[in-house]
Amino acid sequence: MKWSDPTRQDSARGRAIRMSWSLLWLFFLTPIVHDLATGGYGPIRLALGSFGLLVVVVCYVSLVFGGIGWFGLFGRAETAVRRVLDTDRILELTCLVLWATSVGLILAFDDAWLGLMVYVSVSLGAGLRFPQSMWAILGCMLTGLALGTLLDAAGDDILVLAFVTVLTGGLMIGMRRLLETLVELREAREIVAQLSANEERLRMARDLHDVLGHSLSLITLKSELAGRFLPGHVERAAEQVADIERVSRQALVDVREAVGGYRRPTFAVELAGARIATKAVGIELAVVPEQWPVCPDPEAEAVLAWALREAVTNTVRHSGARRCTVTLGTGAVWSLDVADDGRGATRCEGNGLTGLRERFALADGDIRVGVPDGGRGFRLTASVPVLPGRDDVGRIAHEVNR
């Protein structure tokens, strides 16, 4: 990844802010450094104190800044470290080293070093997971109280130390949990975006199948008929070619509308297509009633028209039927019944019926397939409540994108 990448730039800026913030609080080590420099300690105690203070600072900065123990200081090595090592164990070990070093320094010098317990508390809140961090901070407070009592520190100083230890540790717990929540929200947002994209791809696949399946089947049938009429019946072949041109142009329009998300079939268009398709293969089509009324609910009409298209397409392509009956029922719930006398349905439903079930589920409708009353053939029964003024495009788009 190049350094000009905005993601890397944002990460570098965030690291700089966290580093500056964590180093700022090292200012409160001034009394301890002053005691070490002016306390008149011998060279051995001075060297041990300086080394111990350096260990405390490194542990504190690595826990608060990096969040992954010692290795949080090495940005590019962070991913590799996470793969190889158990970072939670590293954090726990780092916290233990910090606590032990701070206790040793306090015992080796005097009560002026009790302020180190505040840095231990902050590091525990930043480096450990909740509720482990809470119990560790309470243990740190008790350790500070015990050390203050052992070193005969002033009672008020001990109480203030205990209060500050718990307060700063609790603030770090809250800050860490806030950051974890922000990370979870960012991941959830990415997941929602992926799911929305997948849902949109499924919608497009369903619409294209419904749009192109019928048109391509009709084009195939017309092409076969045109081939049969040639060369003996040129005029009839020309009629079939003209029908192919009209169907292909309409299919192109349907694809454009489907891609735009505005495809809404109507009874008039689907009935006209059903009559052309069944006539082309020699299937008798009966429509009851012959003149269908205008549906006051565009969404109900659209899903029923999709069902009509899918049922007639299956009849034309797979059934081998001689007769197909299409019946429309009106009322509070409009129903569509398509039955043929062909070979019947297969056991496995295709993409068309699966897409239809999704459409009817969005419209609060129902769709069923089975065998006609005569015991032979295929039957599709669909029903949907009619709500005048309902708009399916806006509703379905809302369901897909919410």
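Leu178 is found in helix H8, where helices (H or I, at least four residues) and strands (E, at least two) are DSSP runs numbered from the N terminus. The model is a predicted one, in which local features need pLDDT of at least 70 and side-chain atom pairs count only at pLDDT 80 or more, while totals for chains, interfaces and linings use all residues. Residues are numbered from 1 along each chain as its sequence is written, and side-chain values use heavy atoms, with hydrogens and water left out.

Leu178 has a relative accessible area of 52% and is therefore exposed; the term buried stands for under 20% relative accessible area, exposed for over 50%, and partly exposed for what lies in between (1.4 Å probe, protein chains only). Together with Met175, Leu179, Leu182 and Leu185, Leu178 makes a nonpolar surface patch of about 470 Å². Patches consist of residues with over 30% relative accessible area and no salt bridge, like charges being joined within 9 Å and nonpolar side chains (Val, Leu, Ile, Met, Phe, Trp, Tyr) within 5 Å. The accessible areas come from the Shrake-Rupley method with a 1.4 Å probe, and for residues only the protein chains shown count as cover.

Helix H8, residues 155-229, also holds Asp156. Asp156 counts as exposed because its relative accessibility is 60%. With Asp111, Asp152 and Asp157, Asp156 forms a negative surface patch.

Attention now turns to the backbone. Most residues other than glycine have a negative phi, and most peptide bonds are trans. The peptide bond from Leu230 to Pro231, however, is cis, with omega near 0°. Pro231 has its place in the loop between H8 and helix H9 (234-260). Another cis peptide bond runs from Val288 to Pro289, with omega near -10°, and Pro289 is placed in the loop between E1 and H11. Asp364, a residue other than glycine, has a positive phi, near 60°. This residue, Asp364, lies in the loop between helix H12 (351-362) and E4, and with a relative accessible area of 52% Asp364 is exposed.

A pair of aromatic rings is described by the distance of the centres and the angle of the planes. Rings of Phe, Tyr and Trp (its six-membered ring) pair if their centres lie within 6.5 Å; planes under 30 degrees apart count as stacked, over 60 as edge-to-face and the rest as tilted. The structure holds 4 aromatic pairs. One of them, Phe267 and Trp292, is edge-to-face, at 5.1 Å centre to centre and 90° between the planes. Phe267 belongs to helix H10 (residues 267-281) and Trp292 to the loop between strand E1 (284-288) and helix H11 (298-319), so this pair ties together parts that are 25 residues apart in sequence. The rings of Phe267 and Trp334 are stacked, because their centres are 6.4 Å apart and their planes are at 5°. This pair links distant parts of the chain, with Phe267 in helix H10 and Trp334 in strand E3 (residues 333-340), 67 residues apart. Phe267 and Trp292 are both buried, as are both Phe267 and Trp334, and Phe267, Trp292 and Trp334 form one aromatic cluster.

The structure holds 6 salt bridges, a salt bridge being a side-chain nitrogen of Lys or Arg within 4 Å of a carboxyl oxygen of Asp or Glu. Among them, Arg309 and Glu270 meet at 3.0 Å, N to O. Arg309 lies in helix H11 and Glu270 in helix H10, so the pair ties together parts that are 39 residues apart in sequence. Arg309 is buried, with a relative accessible area of 5%, and Glu270 is buried, with 3%. Arg323 forms a salt bridge with Glu284, the closest N and O atoms being 2.7 Å apart. Since Arg323 lies in strand E2 (residues 323-329) and Glu284 in strand E1, this pair ties together parts that are 39 residues apart in sequence. Arg323 is partly exposed at 36% relative accessible area, and Glu284 is partly exposed at 47%. Finally, Lys222, Asp243 and Arg246 are linked in a network of salt bridges.

Notes: Lys, Arg positive; Asp, Glu negative; His and termini not counted. Charge placed at Lys NZ, Arg CZ, Asp CG, Glu CD.
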